[in-house]
Amino acid sequence: ARPAGVVARQIPRGLPETHWRFTEQARAFIPRAVAVELPRGRVIGPHGAIITADGSLVDELSPFHGTTDPREHPLFLHPFPGPPLRVAGRLGVLASRGDANYFHFLVESLPRLGVLEQCPEIAFPTRWYAPARTSFQRELISAMGIAPEQVIDSTRVLHVEAECLVVPGLPDPNVQIPKSVVTFLRSHLLPEGVGRVPGRRLYVTRGNQRHSRIVTNGGEVFALLAERGFVEIDPGTLSVTEQVRAFAEAEVIVSPHGAALGNLAFASPGSMVVEFFSPDYVLVSSWILAENVPGLDYRYLVGEGRPRAGRERVMAGTASDITVDLSKLARLLDE
């Protein structure tokens with residue numbers, strides 16, 4: 001579907017300036033994207049491990065976070081699965097690692113359809129192996145023109161074998177989010193005529209449950225933002241359609257790092273986003289996505305405190321909460 005290549009990115013402005021997590025991603029290698037047909041192919045487990053008819057794991061189609069060797073795949077923790085559900089005809093695969101998360105399902109799993117669109121010599125399947133437990137999964141699958149009766153729910157059926165398994169690979173296994181992903185999502189999910197509304201400013205909340213990347217001084221942050229015309233939204237209470245429209249209409253978006261920022265794919269030219277991080281957990285996937293959104297101005301703000309772990313443990317603070325310096329936030333907004 002796409003050859004391998006290297007992308008170069010413009011380091012974003014933010015505080016502290018030129019944070020190392022951004023500079024290390026200034027250039028990135030993106031491997032090829034492929035789609036395959038596997039006679040009597042199988043899918044096993046909640047992470048979408050792809051198996052050939054002779055029992056081999058296809059590593060390129062079965063990536064898992066944090067692994068460097070195929071034998072580290074969590075499939076091998078449970079090497080004796082029950083018998084598969086056998087499916088006649090052509091079965092497409094959308095299920096993959098992390099697909100219970102809104103961001104990963106939106107920017108990784110769903111765009112596998114875009115990979116398949118780039119391989120016209122492969123006929124589209126008549127049925128799909130995809131997660132359908134949550135409302136956002138069902139809404140996004142339906143938006144792609146896939147009816148509920150065409151779906152085998154991967155969260156309920158953990159092992160399938162198809163007469164012909166059709167497997168579009170992830171657009172990128174390392175969450176580098178190629179430009180084709182943004183193009184695909186905007187063309188399929190952004191309603192015609194929806195765009196930036198001057199003065200529409202959003203503060204995206206993650207609620208108030210501690211140790212879930214909330215903003216500890218969220219009340220003070222919102223008070224500052226409210227003076228500048230911001231309104232607060234909780235994406236978890238909105239449908240996908242409502243989230244897409246909210247992000248597309250926003251002039252400015254302020255948000256702690258979280259799955260809802262997958263909706264930056266729908267931001268409009270001339271809009272701006274400020275993303276908050278804990279010093280323990282600066283994960284730059286939203287910036288990588290924003291780099292491919294036309295005319296979107298991305299800024300970051302790392303919260304107060306010192307990292308509790310070094311560079312070798314960049315995921316140690318996944319659940320760390322964020323304390324925002326109000327003067328720094330005001331400075332970014334003034335700019």
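Biologist: What share of the 335 residues in the protein chain do buried residues make up?

Modeller: This is a predicted model, and every value that follows is computed from it. A residue is called buried when its relative accessible area is under 20%. In the protein chain, buried residues make up 53% of the 335 residues.

Biologist: How many helices and strands are there in the protein chain, and what are the rough dimensions of the box that its C-alpha atoms fill?

Modeller: The protein chain has nine helices and 15 strands. Taken along the principal axes, the box filled by the C-alpha atoms is roughly 60 × 45 × 35 Å. A compact globule of 335 residues would have a radius of gyration near 20 Å, and the protein chain agrees, with 20 Å. As for contacts with a separation of 6 or more, 75% of them are between residues 24 or more positions apart.

Biologist: How should I read the buried residues of a helix, and which residues of α9 are buried?

Modeller: In helix α9, residues 326–334, the buried residues are Leu 329, Ala 330, Leu 332 and Leu 333. Seen down the axis, these fall within an arc of 160°, so they line one face of the helix. The face turned away from this buried side carries the exposed residues Ser 327 and Asp 334.

Biologist: Which elements do the buried residues of α9 pack against?

Modeller: They pack against strands β2 (13–15), β12 (230–233), β13, β14 (272–277) and β15 (297–302), and against helix α6 (218–226).

Biologist: Which residues of α6 are buried, and what covers them?

Modeller: Gly 218, Val 221, Leu 224 and Leu 225 are buried in α6. They cover an arc of only 125° around the axis, which puts them on the same side of α6. Their cover includes β11 (201–204), β12, β13, β14 and α9.

Biologist: What is the volume of the second largest pocket, and which element gives the most to its lining?

Modeller: The second largest pocket has a volume of about 360 Å³. It is lined by 21 residues, of which Asp 234, Pro 235, Gly 236, Ala 259 and Ala 260 are the closest to its centre. At least two lining residues come from each of α4 (135–143), α7 (240–249) and β13 (252–256). Helix α4 gives the most, with three residues. The lining divides into nine nonpolar, nine polar and three charged residues.

Biologist: Helix α7 also holds Glu 249. Is Glu 249 buried or exposed?

Modeller: Glu 249 has a relative accessible area of 14%, and so is buried. Leaving aside residues up to four places away in sequence, Glu 249 touches Val 194, Gly 195, Arg 196, Val 197 and Arg 200.

Biologist: How should I read the backbone angles, and what is the phi of Val 175?

Modeller: Most residues other than glycine have a negative phi, and most peptide bonds are trans. Val 175 is not a glycine, yet has a positive phi of about 55°. Val 175 is located in the loop between β10 (159–168) and α5 (179–189). With a relative accessible area of 14%, Val 175 is buried. Val 175 is also one of the residues nearest the centre of the largest pocket.

Biologist: Where is Arg 40 found, and what is its phi?

Modeller: Arg 40 is found in the loop between β4 (35–39) and β5 (42–44). Its phi is positive, about 55°, although Arg 40 is not a glycine. Arg 40 is partly exposed, with a relative accessible area of 48%.

Biologist: Which residues does a cis peptide bond join?

Modeller: The cis bond joins Leu 15 and Pro 16, with omega at about -5°. Pro 16 lies in the loop between β2 and α1 (20–23).

How values were computed. Residues numbered from 1 in each chain as written. Predicted model: local features only at pLDDT ≥ 70, side-chain atom pairs only at ≥ 80, totals over all residues. Heavy atoms only, no water. 1 Å grid on protein atoms, 1.4 Å probe; cavity = no way out; pocket = protein on both sides within 12 Å on 5 of 7 lines; lining within 4 Å. Points joined across faces, edges and corners; volume = space filled by probe spheres on them. Helix = DSSP H or I, 4+ residues; strand = E, 2+ residues; numbered from the N terminus. Nonpolar A, V, L, I, M, F, W, Y, C, P; charged D, E, K, R; others polar. Buried < 20%, exposed > 50% of the residue type's maximum accessible area, 1.4 Å probe, protein only. Arc of directions from axis to C-beta. Contact = heavy atoms within 4.5 Å. Rg over C-alpha atoms; globule rule 2.2 N^0.38 Å.
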